[in-house]
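Visitor: I am new to this structure and would like to learn how to read it. Could you walk me through it, one feature at a time?

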Amino acid sequence: MGRRAARWVTAGPSGLVAIAVCLTCAGCGGPDGDDAVHVALQLETALAAGQGPEACALLLPAAAEAVADRTGNSCDGGVVDLVGVSGADPAAAATTTAPRVAVAGRQAQVALSGDTVFLARDGEGWVVTAALCAARADRPYDCEVEAS
Amino acid sequence: MLWRNGLTLVFLLFLLLSLVGQAVAGARLFDEEQRAAGLDPVGLLAYVGSSSFAVDLAENWQSEYLQFFLFVVATVWLVQVGSPESKPLDGVGRESDEEQRVGEHAGPGAPSWARRRGWRLAVYSRSLSLVMGGIFLLAWVAQSVAGAAAYSEEQMRDLQDPVTWWQYVRMPEFWSRTLQNWQSEFLAVASMVLFAVYLRERGSSQSKPVGASHTTTGVDG
């Protein structure tokens, strides 16, 4: 992985031991954060290149189904269409030099230049639960890709 | 041998059984939330290692140790007429060395630190509150750290921004969890102190003798 992620809040593999460690290590993230950033950048690269199947392979199945429902198309075809209706910029996001990642328990958020991506731990890796997201004050992000 | 330590052992057994029950029920709840979000269930072991379990554990532990810390310290100076939980009304304060049997007044079975003057006696004279208070602080800090992680995890599951520890300890979520536990502990102490003035439990160390008057203070059954 070429890029090192800037971390701003983490809990790592949580639990009492991790609590003790993180008390003395406010910025620690471990490999979890890097893996989450890697998946987020893979997604943005696929979206920027119009590679729907590659993008959908990174999504939580429920999120992929929601894309299909929403677009009336398969996820592979529909996800690329959603880029156009979102305010996100996958091309800029894919080349973010200092992504910010937050990991807490089994959830992660990766803030990129042109997008914010939410991920969840799935087995040993991460799957994307939401992408093409716009921040809203005091409300959840408005995401074009998310499980319904 | 066992019956001589029965009070400790039985409550440790209750602790163990309750912890297992909490872990099983908590894991099932956590997995319900995982499934609702379209995610795989995590199972019991992963849940026990999670911040969600840790915050639930720590928030209850800190309040229990706070309760005993405050009760131990408060009963040095505060009394309640008629309560077996209180000292006699004329015993307020740290009491004399003779009454406390320390230094030259120490008996043959006294702990070694109770015989010596200086810092050892000062520390040992406050060791119960120091340990109770220390565990309270550690558990409260653990609650705040685990709580920040658990809250952030929920936030991100709901597509919202996570929070830092410093943000979390200034949030209503942290103080709601903290104060709802504290109020119940203070209620329990006040109830025990006051109920024991008028009510009896024959044979219990926490009660006056059944025939003792309501104004008798500082006498255990």
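Guide: Gladly! Let us begin with contact, which means heavy atoms within 4.5 Å. This is a predicted model, where local features need pLDDT of at least 70, side-chain atom pairs count only at pLDDT 80 or more, and totals for chains, interfaces and linings use all residues. Residues are numbered from 1 along each chain as its sequence is written, chains are lettered from A and ligands numbered from 1 in the order in which they are written, and side-chain values use heavy atoms, with hydrogens and water left out.

Visitor: How many residues does the contact take from chain B and from chain A?

Guide: Chain B gives 27 residues and chain A gives 28 residues.

Visitor: What is the area buried between chain B and chain A?

Guide: Buried area is the accessible area (1.4 Å probe) that two parts lose on being put together, summed over both. Here that is about 2100 Å², with 69% given by carbon and sulfur atoms. Of the area that chain B buries against chain A, 29% is supplied by Leu39(B), Met156(B) and Leu159(B), more than any other three residues.

Visitor: Which helices of chain B supply at least two residues each of the side that touches chain A?

Guide: Helices (H or I, at least four residues) and strands (E, at least two) are DSSP runs, numbered from the N terminus. On chain B, the helices are α1 (6-36), α3 (51-77) and α7 (127-157). The largest share, nine residues, comes from α7(B).

Visitor: What is the count of salt bridges between chain B and chain A?

Guide: A salt bridge is a side-chain nitrogen of Lys or Arg within 4 Å of a carboxyl oxygen of Asp or Glu. Between chain B and chain A the count is zero, while over all chains it comes to nine. One of them joins Arg70(A) and Glu144(A), whose closest N and O atoms are 2.6 Å apart. Arg70(A) lies in helix α4 (residues 61-71) of chain A and Glu144(A) in strand β6 (residues 139-146) of chain A, so the pair ties together parts that are 74 residues apart in sequence.

Visitor: How many helices and strands does chain B have?

Guide: Chain B has nine helices and zero strands.

Visitor: And what is the radius of gyration of chain B?

Guide: That radius is taken over C-alpha atoms, and the globule rule is 2.2 Å times the number of residues to the power 0.38. A compact globule of 221 residues would have a value near 17 Å, but chain B has 23 Å. Its C-alpha atoms fill a box of roughly 65 × 45 × 40 Å, taken along the principal axes.
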